[in-house]
Number of protein chains: 2
Amino acid sequence: MLDKRMTKEDIFENLKKFQDMDMSYESGRILSSMCTKPDPIAMEAYKMFIETNLGDPGLFPGTSLMESEVIEMLGHLLHLENASGHLVTGGTEANIMAMAVAKYLFQEKHEGVPEIILPESAHFSFKKIISMLSLEAKVVPLDENYKMDVSKIEDLITENTMAIVAIAGTTELGLIDDIEKISEIAYSHDIYLHIDAAFGGFVIPFLDDEHKGDLNFDFKCKGVSSMTIDPHKMGLAPVPAGGILFRHAEHLEKLAVKTPYLSKNKQTTIVGTRTGAATAATWTLLNYYGMEGYRKIVKNAIELTEYTYKKLNLMKNVTVTCKPELNLISFTSNNKSADILKQELYDYGWRVSVAQRPHVVRLVLMPHVKKEHIDRFLTDLNEVLNG
Amino acid sequence: MLDKRMTKEDIFENLKKFQDMDMSYESGRILSSMCTKPDPIAMEAYKMFIETNLGDPGLFPGTSLMESEVIEMLGHLLHLENASGHLVTGGTEANIMAMAVAKYLFQEKHEGVPEIILPESAHFSFKKIISMLSLEAKVVPLDENYKMDVSKIEDLITENTMAIVAIAGTTELGLIDDIEKISEIAYSHDIYLHIDAAFGGFVIPFLDDEHKGDLNFDFKCKGVSSMTIDPHKMGLAPVPAGGILFRHAEHLEKLAVKTPYLSKNKQTTIVGTRTGAATAATWTLLNYYGMEGYRKIVKNAIELTEYTYKKLNLMKNVTVTCKPELNLISFTSNNKSADILKQELYDYGWRVSVAQRPHVVRLVLMPHVKKEHIDRFLTDLNEVLNG
């Protein structure tokens, strides 16, 4: 390698082989991922802006303006006027940014080891954050509905509490913590509250009245300081398109690092060089679909989830874990463990994953999954369980 | 916004307007950036793999295999057999990963605040890292050649030293620290040594004998523990394509976080969801260009730098800062400050930047910059200075 050059023909022949080894979303066989096939119109925009670098925004003022418009639109979606934030590489970078801000705010007033209070259901990115940022984790157990047990939060608050984290759309079960109540607690104790809505941020605002009711999960709750919301999950944008919004501009500024040799003199993201193509893709999607378009996308996903829920409930030897709140659904069987089920379904060509809290098979019904895929899946599942 | 949908036509009309506000590399006017126009063949590969996610590699075993091959090739390039590492979002994530590993290794044996020894010329990503990871910085001043003053390193070593960082291709001047000597120091004190070759990693290995001589800057130096090398700089790959290599597989494992609901049960990058498209692009470039192709790209850039150096040296009222080692060149004028020069050149349509150590105008001669651009630039510069 490296000493021998390949022809263009050889290269694309090889790339095709690699591609054939990969799964594709289009097959409808991926039921384990919160990512999906990027929308074609987003891809066109992505290609147009592939060479842009928002780490050096003075060179790309047009792309930079698009980023401001996207942040404004995401703020609008989450009930925040004058949002500050960025489109970043994904939920992990967004969560790191929020926790770094909370840590720097804490360090302005305290000497001790900063503590974060977060639910057992928090995404694994928080494990990375806790060790990288040298935080101490105070884990809130889940209640009988698999949500952060709100009654346990206040007991964990100490003078070293730097932040509380709650989840709007947990990775494992797609459940929404009681953010209204958690916000009240954070607000009354003057503690930074971050909402990880990496998944739910592009679903909950588009739910119809029947599913959303009077749920408040965003900046409408006055205790919420920052939110993660990822266009590259239910927003249909290509990776890398994560989003982070801060209520207070001065919070984002806590991340500012001087960048003397770039076209602007400071930078407030973790990652430095950062493609603007994902921003162009997100700008395009938000304007192309708008509220109405995303409502339809979410409606389809929720309807398919409810269809699957109904069918699973009727299936012999299947217990559905909980009523889905978003487009995720989990189940167990009384005759096979979740791990064995996962493996046997794998052999049928299905990719499902296993949640840990509780230990159940987990399906994410992203827009690439259609009714015909679910019907085939249910047939195979029935064969695996009862065949 | 969001309540009103745009037609496809409106969208592309708007995108075109945003694009027209941006600079393009192709104009040859960007002399301030370490990024460049991605190679067309890399773009084709990128598009093919746009939906892949290496954060969930079990779904994309073909793309994952390409990543292993890229890491092997980059290891080969930097004299490391059996390299461990990843293609990540860029130099910042790569540097974070190295420093997180060094911190975790340190914490296994020590209680104190971990200290890093790094040169004044270190990239601003280390500022982010120092505050995020709660490290203490011990800054080594530069010597009269603007390189890390090796004679000052040992004085800064304490029992809390967790790592030394040195640079192969500084962001400001493109200079290479004396890594052979620094490696000896690190090795003899058993201290983790990270080399930031984000820029130089895709230049130095391709220099001809006249320019490289017997320089050793990579894993050949036995004290080197990890290296950053970015395909999205001189590798001609599209963003996000950074690279991190570790000498010891068990070092990368220090970053492992369990990922129960993904297709593999652990993850060793900072970012979670991670496009495989940049990996496909890098795989393609390495196989398409090989050593021979990159040698030619680097030769062209170095020749243009030497041409510019010669011309600047002949220009009235210009002092070149130092003999270029890579394709960066810096200068000052005795009749205008660097900041004023930058601004006046801006008005002529040129984007240059200003380095801080020393305070000079800085040019990066990336492959999108051609001789005709430099000739036009020198004419304009002469007019600004002597016109």
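Guide: Tyr146(A) sits in the loop between β3 and α6 (153–156) of chain A. Helices (H or I, at least four residues) and strands (E, at least two) are DSSP runs, numbered from the N terminus. The model is predicted: local features need pLDDT of at least 70, side-chain atom pairs count only at pLDDT 80 or more, and totals for chains, interfaces and linings use all residues. Residues are numbered from 1 along each chain as its sequence is written, chains are lettered from A and ligands numbered from 1 in the order in which they are written, and side-chain values use heavy atoms, leaving out hydrogens and water.

Visitor: Why does Tyr146(A) count as partly exposed?

Guide: Buried means under 20% relative accessible area, exposed over 50%, and partly exposed in between (1.4 Å probe, protein chains only). Tyr146(A) has 26% relative accessibility, and therefore counts as partly exposed.

Visitor: What is the phi of Tyr146(A), which is not a glycine?

Guide: Tyr146(A) has a positive phi of about 65°. Most residues other than glycine have a negative phi. Ser134(A), also not a glycine, has a positive phi of about 55°. Ser134(A) lies in the loop between α5 (125–132) and β3 (136–140) of chain A.

Visitor: What is the peptide bond from Val239(A) to Pro240(A), cis or trans?

Guide: That bond, from Val239(A) to Pro240(A), is cis, with omega near 5°. Pro240(A) belongs to the loop between β6 (226–228) and β7 (242–246) of chain A. In chain B, the bond from Arg357(B) to Pro358(B) is cis too, with omega near -5°. Most peptide bonds are trans.

Visitor: What makes the contact of Glu44(A) and Lys8(B) a salt bridge?

Guide: A salt bridge is a side-chain nitrogen of Lys or Arg within 4 Å of a carboxyl oxygen of Asp or Glu. The N to O distance between Lys8(B) and Glu44(A) is 3.3 Å, so the pair qualifies. Since Glu44(A) lies in helix α2 (residues 40–48) of chain A and Lys8(B) in helix α1 (residues 8–21) of chain B, this pair joins two chains. By this rule, 32 salt bridges are counted over all chains.

Visitor: Is Glu51(A) buried or exposed?

Guide: Glu51(A) has a relative accessible area of 16%, and is therefore buried. Its side chain meets that of Lys37(B) in a salt bridge (3.5 Å, N to O). Lys37(B), at 35% relative accessibility, counts as partly exposed.

Visitor: Which rotation superposes chain B on chain A?

Guide: Copies are superposed by least squares on the C-alpha atoms of residues with pLDDT of at least 70 in both. A rotation of 180° with 0.0 Å of shift along its axis brings chain B onto chain A (RMSD 0.0 Å). The two copies are therefore related as by a two-fold rotation axis. In chain B, the C-alpha nearest the axis belongs to Leu133(B), 2.4 Å away from it.

Visitor: How do you know that Glu306(A) is partly exposed?

Guide: Glu306(A), which is found in helix α10 (residues 277–314) of chain A, has 32% relative accessibility and so counts as partly exposed.
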